[in-house]
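Here is a note for a colleague who is opening this structure for the first time. The points below go from the chain as a whole to its strands, its rings and its cores.

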Amino acid sequence: MKAFTSLKRLVLGALAGTLALGSAPASAEVKTHVSPYIELQQVLTANIDDGDVLTYTNVAAGVEAGVSTRRVQAQISYRYDRYISWENDGPDGDSHTGVAQLSADLIPNVLKANAGALATRSRVDGGGPFLGFNDLDFENAVDIYSLYAGPDLSTRVGPLDVAASYRFGLVEVDNKSLRGIPLTPGAVRLDRFDSSTNHSVSASVGMGPGQLPFGWTIGGGYVLEEADRLDQEFEGKFIRGDVVVPVSPTLALTAGVGYEEIGSSQQDILRGANGQPILTPGGRLIGDPTKPRLQSIDIDGVIWDAGFIYRPTRRTEIQGRVGRRYGGTLVTGSLSHRFNRDYGVSASIYDGIESFGRLTVANLAAVPVDFDLRRNPFNENVGGIGGCVFGNDPGTGVCFDDAFQRIAAANFRNRGANIVFSGGRGLWDFSVGAGYSNRRYYSPIVTQGFALDRTTDESFSLFAGATRRLSRDSSLALDGYAGWFDSGLQGDNSLFSTGITASYQRSLFIDRLQATAAVGLFHSENDRTDGTFASGLVGLRYRF
């Protein structure tokens, strides 16, 4: 618990540090904005199926701030919520949600420092309501805190391009009462993720096409993650060479070959005289450091891929690769296209071996520094109902759904695709995100009932939002989402959730005082939960 409290304070401190940068005095070369606020909301949610009604008051304080200079960019969106139920047995609680990003040129065009912090809430898996209900203390909700920091080097040494980077990441999850206990009788127990640290190092040297009819790069990387659950350790390292051969002004062919080693291990578990596992009072497995460590991943061998890079215009880039890695076929790709200055789209096909900790840090690091955190009135979480954080640059952003699909301690083969579309013109702003993820887990079978090894789960999510400015003082927003999750575990079935919300905002009397009214309709169904909920909200926000 002390470790969790320390990381929570560290993440909140990082958020506050970004705010301090945003508070710097403005000058001709410094652009800053700092907008703290307080908010009071009254919320009513009714179960349409059985007529149960939940009423609660939400008191919140937050800040939106940023700073931009020639060498430093930083932005933060942070919010603290306190929920007060009107029912004696209702869910009271509080939450910290926010994201911060910092990018600083230590040596212009050579050395850059990057850092970020995240505080959010999510479901443990698909066994609970989808993202419309995370702000209350439901049994399937957890608090997540993460941060990362590291430098990026990019320079030229004679005709050679030299690059290197290092990233350190931390992730901590407050599982509350979920520590190893199945949510329903007969369901498989999962040893929940607690915390991890990870280190990622990469370096490369190469030369672009010009002096030679092709470009070449030789690079390598090293990844180390240490998780506290059963003293888990993941280690990966590779070295490879790549060539790029231009075949036209807009098309180039690329190929690469290298060698990779990946390994993951953990402690065996403590067992009693009858051979059954000994559990903590909370139902968790206990590691036994006196026994040999158990291997969950042991992969090494030659890796290769080949593909193309297509840039028909300065606004469009398409890449695709196919090859062999992780003992099988690998397919990856990406698309980036700006329709015009107002709209853009980006998409990717991915395939890799990940963990919840490493993927959360990677997603956090991919959030644009100039992000646009579009919070929904019924879920003021990071990414709102859709789980996506968009960039102010049209077509940019990242969705956390692939990381938060299931918060488990095991490594997994992560394959899927996602797409983000965003932009705005005139009085309208639009954002759309969609993603599919397939995970196959690697975990030693230490005892019956805790096994994740070779389990495969899948998820698909779709989010769309639109905002229409009605006047200088008012706006209307519509958000909709749909999500499907199949856990692949005995006792767990697929979950389908969908919802739509509409909200109206208007300044009252003065620009600093804003009123909000919102309605929402949510539905989720599986063998555990099957219900339709209608929600209404009114609130007042004052910006200082």
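Predicted model: local features only at pLDDT ≥ 70, side-chain atom pairs only at ≥ 80, totals over all residues.

1. A residue is called buried when its relative accessible area is under 20%, exposed when that area is over 50%, and partly exposed in between, using a 1.4 Å probe and protein chains only.

2. Residues are numbered from 1 along each chain as its sequence is written, and side-chain values use heavy atoms, with hydrogens and water left out.

3. The protein chain has 3 helices and 27 strands, where helices (H or I, at least four residues) and strands (E, at least two) are DSSP runs numbered from the N terminus. With contact meaning heavy atoms within 4.5 Å, residues 24 or more positions apart account for 61% of the contacts with a separation of 6 or more.

4. Strand pairing can be followed through S21, bearing in mind that two strands pair if DSSP finds at least two bridges between them. Strand S17 (residues 343–354) and strand S21 (residues 411–425) are antiparallel and share 12 bridges, and S21 is in turn joined by 15 bridges to strand S22 (residues 428–442), again antiparallel. Gly 416 of S21 is the bridge partner of Tyr 350, and Gly 416 also has a bridge partner in S22, namely Ser 437. The hairpin of S21 and S22 has 2 residues between the strands, and Gly 426 there takes a positive phi near 65 degrees.

5. A further run of pairings involves S24. Strand S23 (residues 456–471) pairs with strand S24 (residues 474–486) in the antiparallel sense over 13 bridges, with Gly 465 bridged to Asp 479 in S24, and a hairpin of 2 residues joins S23 to S24. S24 is also antiparallel to strand S25 (residues 495–508), to which 12 bridges join it; here Trp 484 stands opposite Phe 496 in S25.

6. There is also an open sheet of 3 strands in the order S18-S19-S20, with antiparallel pairing. Its edge strands, each pairing on one side only, are strand S18 (371–372) and strand S20 (397–399). Strand S19 (residues 388–391) is joined to S20 by 3 bridges, and Val 389 has Val 398 as its bridge partner in S20.

7. For the rings, the rule is that rings of Phe, Tyr and Trp (its six-membered ring) pair if their centres lie within 6.5 Å, with planes under 30 degrees apart counted as stacked, over 60 as edge-to-face and the rest as tilted. By this rule the count comes to 9 aromatic pairs. One of them, Tyr 56 with Tyr 83, is edge-to-face at 6.0 Å centre to centre and 75 degrees between the planes; it links distant parts of the chain, Tyr 56 being in strand S2 (residues 53–68) and Tyr 83 in strand S3 (residues 72–85), 27 residues apart. Both Tyr 56 and Tyr 83 are buried. Tyr 542 and Phe 544 likewise form an edge-to-face pair, at 5.1 Å and 85 degrees, but Tyr 542 counts as partly exposed because its relative accessibility is 29%, and Phe 544 is partly exposed at 49%.

8. Which residues have the most contacts inside the largest nonpolar core? A nonpolar core is a set of buried Ala, Val, Leu, Ile, Met, Phe, Trp, Tyr and Cys residues joined through side-chain atoms within 4.5 Å. The largest has 25 residues, and those with the most contacts inside it are Ile 144, Val 173, Phe 356, Phe 400, Phe 404 and Ile 407. Strand S6 (141–157), strand S7 (160–174), helix H2 (356–366) and helix H3 (401–404) each give it two or more residues, and H2 supplies the largest share, 4 residues. A second, separate core of 14 residues includes Tyr 56, Phe 378, Cys 388 and Tyr 481.
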